[in-house]
Amino acid sequence: MKLRSMSPSGSCRKRKTTTAQENGTNTPNGKEGVEVLKQNQDEEIHCKIHPSKEFELFCSSPECMKPICVLCLTTIHKNHSFDVIDAAFGRHWKLIQSQVEIVKSIMNEANKKLESANNQASTTENQKQAAAESVKAHFNQIREWITMRENELLESINTSMPAISNNLETPENLATLLSTTKHSIQKIES
């Protein structure tokens with residue numbers, strides 16, 4: 001497809017644009033790129049200052065960097081650098097695609113780090129739960145041992161105390177105990 005485009009100096013030159021199918025890429029070039037914009041985006045394709053005119057050029061002056069119509073070129077953008085919009089689209093499309101690839105790479109790296117952090121968090125949570133279960137099991141064993149020991153001591157008290165209290169309750173037992181104690185004291189003194 002042959003197109004005429006204006007150089008920044010205002011002279012006409014012929015150039016050939018290629019389509020994505022011709023250059024073997026998925027990058028739309030030339031009019032194909034402009035058509036992609038017209039079909040896929042809701043952005044205005046008409047000049048806001050001259051609504052009857054479609055954007056045909058691209059002001060490439062650093063202070064502008066936007067599409068313009070032919071009337072804007074002769075007025076507002078008179079001394080600016082410009083290019084045919086389809087050529088500018090192709091250049092900017094490639095720049096955008098390279099930036100998209102960089103962003104994809106950054107996102108992939110971020111996703112890997114996020115996945116690693118999630119795995120680490122999951123591992124930490126599992127370790128925390130295992131430690132809590134271990135602590136609970138140890139304290140349950142300690143509680144069981146304390147309860148068992150308490151029961152043994154209470155049983156020992158209950159079995160020995162009635163014998164003592166039985167021995168102390170009768171006067172005969174007291175008399176015998178007193179007599180035995182006196183007899184032991186006398187032996188020690190003599």
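Visitor: Which residues make up the largest nonpolar core here?

Guide: In this predicted model, the largest nonpolar core has 8 residues, namely Cys-47, Leu-57, Cys-59, Ile-68, Cys-69, Cys-72, Leu-73 and Phe-82. A nonpolar core is a set of buried Ala, Val, Leu, Ile, Met, Phe, Trp, Tyr and Cys residues joined through side-chain atoms within 4.5 Å, where buried means under 20% relative accessible area, exposed over 50% and partly exposed in between, with a 1.4 Å probe and protein chains only.

Visitor: And which elements each supply at least two residues of this core?

Guide: Those are β3 (57-59) and α3 (70-74), with helices (H or I, at least four residues) and strands (E, at least two) taken as DSSP runs numbered from the N terminus.

Visitor: What is Leu-73 in contact with, leaving aside its neighbours within four places in sequence?

Guide: Leu-73 is then in contact, meaning heavy atoms within 4.5 Å, with Leu-57, Ile-68, Lys-78 and Phe-82.

Visitor: Changing topic, how many aromatic pairs does the structure hold?

Guide: The structure holds 1 aromatic pair: Phe-89 and Trp-93 are stacked, at 5.6 Å centre to centre with 25 degrees between the planes. Rings of Phe, Tyr and Trp (its six-membered ring) pair if their centres lie within 6.5 Å, and planes under 30 degrees apart count as stacked, over 60 as edge-to-face and the rest as tilted.

Visitor: Where do Phe-89 and Trp-93 lie?

Guide: Both Phe-89 and Trp-93 lie in helix α4 (residues 85-169), 4 residues apart, which is about one turn of the helix.

Visitor: Is Phe-89 buried or exposed?

Guide: Phe-89 counts as buried because its relative accessibility is 11%, whereas Trp-93, at 22%, counts as partly exposed.

Visitor: What about Phe-139, where is that found?

Guide: Phe-139 is also found in helix α4, and with a relative accessible area of 44% Phe-139 is partly exposed.

Visitor: Finally, what are the elements of the protein, from the N terminus on?

Guide: The secondary structure comes to 5 helices and 5 strands, and the elements run β-β-α-α-β-β-α-β-α-α. Of the 190 residues of the protein, 17% count as buried.

Methods
Residues numbered from 1 in each chain as written. Predicted model: local features only at pLDDT ≥ 70, side-chain atom pairs only at ≥ 80, totals over all residues. Heavy atoms only, no water.
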